[in-house]
Amino acid sequence: MLKFDVSKIREDFPILGRKIRGKNLVYFDNASTSQKPKAVLEALQRYYAETNANVHRGIHALSQQATDQCEAVRAQTARFLHASGPEQIVFTRNATEAINLVAYAWGRKFLKAGDEILLTGMEHHSNIVPWQILAQEKGSQLKFAPILEDGCLDLEGLKTLLTPRTKLFAFTAMNNAFGTINPVAELLGLAREQGVLTLVDAAQWTPHLRTDVAAWDCDFLVFSAHKMLGPTGLGVLYGKKKLLESMDPFLGGGDMIREVHLSHSTYNEIPYKFEAGTPHIGGIVAFGAALEYLSRLGWEAIDRHERGLTRYAMDALSQEKELRIYGPSQPERRGGILSFNLEGVHAHDVGTILDTEGVAVRAGHHCCQPLMRRFKTSGTVRASFYFYNTVDEVDVMLRAIRKVKEFFKVKVP
Ligand SMILES: Cc1ncc(COP(=O)(O)O)c(C=O)c1O
């Protein structure tokens, strides 16, 4: 395990040394995508410089090496998730595609008219729209667990929506707009009691917290590599073996077949049945370096650092009376995401002025429009942290927020 020394860690991330408009970059848009350490950039470069070949197709040495490297990362990903075998790991383009894969390959085969899918009112659009498309096609219904005023799930309301008609409960482990951490084990337990299949959207969870699909006993779990130091264009679907085997393919093409005849085809075994075409080989190899980097840091150290930072930022921001912070007030119920609005100033204006100070935040609906509507706002300013961020950077953001207040002459109403 490495000693957790943030200034040393920051040296691993070349982009963190950049200046933006003459100011030091303060990168607080990690919930959108994380920055990449040298180890990941070098793994990508090394792969293309030394190994580049297509996988599963050639008998030549490079193709075998590329295949071996990909399969090693599949096994590494299974260990990272505590999955029992690499065949449960399907590589996709991103978390969004992983959810669409389940909606298509599981939903189109097993869902019937009158069946229900339970979601929550805090889902990312990626965990809403694929189910809407499926439900429209199948004549099934979507239900949404309500959200309390503090941005947490209303568990009592949720329980009433889990009925014998519910076939799948798909929910986010950590909300991307407010940072609310859901009681994942409890939610999975409630679904299991009713014999309901589960899908955990772990896109915001896996970068920050230990993930254990065996302990959780979820049926599906999805995440994106790019939010956890890996390259863009790579996602993961974890699925229980029997379920994956029972599903029809998602996309058709090369690699996902066993035999192709003019009249019909037979399909490859899992996970290859769901991986049509050439995968993001370099991305998979580089993701291995990302997982290695995170495991050397350790989840406890990452969590401790991010919690300290979040607590500090919440304390500091809550001194600003004109600022409304969304989501749970107890720091233990939220991850390293702070969503806020400044009285009378549009979130985009706050984001734009912060940008002139070198502070990169996201402003808008964060692909969570139903949640924004629930809180009667069109959008928020979102600062999202990762383990390489510092208290000094929070102070820079705070000074920038005070500039916004001065500029817009913000007053407590
Ligand atoms: C909770 C959640 N789910 C799903 C996604 C979709 O991830 P991607 O765009 O990488 O597919 C995101 C991305 O922000 C997210 O935060």
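What is the strand order of the open sheet of seven strands? The order runs 4-10-9-8-7-5-6, and the pairing is mixed (strands, E, at least two residues, and helices, H or I, at least four, are DSSP runs numbered from the N terminus; two strands pair if DSSP finds at least two bridges between them). At the edges sit strand 4 (89–92) and strand 6 (141–145), each pairing on one side only. From one strand to the next, the twist averages 20°. This is a predicted model, so local features need pLDDT of at least 70 and side-chain atom pairs count only at pLDDT 80 or more, while totals for chains, interfaces and linings use all residues. Residues are numbered from 1 along each chain as its sequence is written.

Within the sheet, strand 9 (220–224) and strand 10 (235–239) pair in the antiparallel sense over five bridges, with F220 standing opposite G239 in strand 10. Helix 5 (129–138) packs on the sheet and touches strand 5 (116–120), strand 6 and strand 7 (166–172); its direction makes about 145° with that of strand 6 (axes are lines fitted to C-alpha atoms, for helices over the stretch in contact, with angles from 0 to 180 degrees between N-to-C directions; contact puts C-beta atoms, placed from the backbone, within 7 Å).

Over in helix 12 (347–356), the buried residues are A347, V350, G351 and L354 (buried: 20 or more other C-beta atoms within 10 Å of a residue's own, with C-beta atoms placed from the backbone). Seen down the helix 12 axis, these fall within an arc of 95°, so they line one face (the arc is that of directions from the helix axis to the C-beta atoms). Their cover includes strand 14 (337–342), strand 17 (380–384) and helix 14 (391–408).

Technical notes:
Buried ≥ 20, exposed ≤ 12 C-beta atoms within 10 Å, placed from the backbone. Contact = placed C-beta atoms within 7 Å.
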